[in-house]
Amino acid sequence: VQLQASGGGLVQAGGSLRLSCAASGRTFSNLVMGWFRQAPGKEREFVATIGRSGKTLYYADSVKGRFTISRDNAKNIVNLQMNSLKPDDTAVYYCAASDVFFSSSVGRTLARNYAYWGQGTLVTVSS
């Protein structure tokens with residue numbers, strides 16, 4: 001699976017950005033998709049995940065109510081709409097794909113369960 005993320009950039013606090021990730025090399029609707037982020041000097045952390053049909057959604061508490069993950073299985077794209085951005089959201093954002101059939105919500109939030117990763121896109125939120 002090849003993943004290509006785009007849409008990062010510089011935005012002021014309170015602003016919005018929309019990240020997109022295009023997937024190829026595997027039947028997209030067979031993959032659970034996720035977004036993770038890594039801030040300077042910090043470990044990679046879970047942001048959001050979406051199930052194969054788009055109905056199962058999970059968010060990190062830090063982004064709940066501000067970020068929305070969605071997918072278009074016809075276009076092989078997963079999006080992350082980020083609103084009300086804060087300086088703490090500054091990080092490199094990675095899209096990831098998993099072909100695991102999860103039995104729990106916790107598993108979906110763990111980076112080690114995602115075998116495929118994009119190259120990352122930088123989001124910088126200025127105060």
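**Exercise 1.** Determine whether Tyr-94 is buried or exposed.

*Solution.* The relative accessible area of Tyr-94 is 14%. Buried means under 20%, exposed over 50%, and partly exposed in between, with a 1.4 Å probe and protein chains only. Tyr-94 is therefore buried. The model is predicted: local features need pLDDT of at least 70, side-chain atom pairs count only at pLDDT 80 or more, and totals for chains, interfaces and linings use all residues. Residues are numbered from 1 along each chain as its sequence is written, and side-chain values use heavy atoms, leaving out hydrogens and water.

**Exercise 2.** Classify the pair formed by Tyr-94 and Trp-117, and locate both residues.

*Solution.* Step 1: rings of Phe, Tyr and Trp (its six-membered ring) pair if their centres lie within 6.5 Å; planes under 30 degrees apart are stacked, over 60 edge-to-face, and the rest tilted. The structure holds five aromatic pairs. Step 2: for Tyr-94 and Trp-117 the centres are 6.4 Å apart and the planes form 75 degrees, so the pair is edge-to-face. Step 3: Tyr-94 is in strand S9 (residues 91-98) and Trp-117 in strand S10 (residues 116-117), 23 residues apart; strands (E, at least two residues) and helices (H or I, at least four) are DSSP runs numbered from the N terminus. Step 4: Trp-117 is partly exposed, at 27% relative accessibility.

**Exercise 3.** Classify the pair of Phe-102 and Tyr-114.

*Solution.* With 6.2 Å between centres and 35 degrees between planes, this pair is tilted. Phe-102 lies in the loop between S9 and helix H1 (105-108), Tyr-114 in the loop between H1 and S10, so parts 12 residues apart in sequence are tied together. Both Phe-102 and Tyr-114 are buried.
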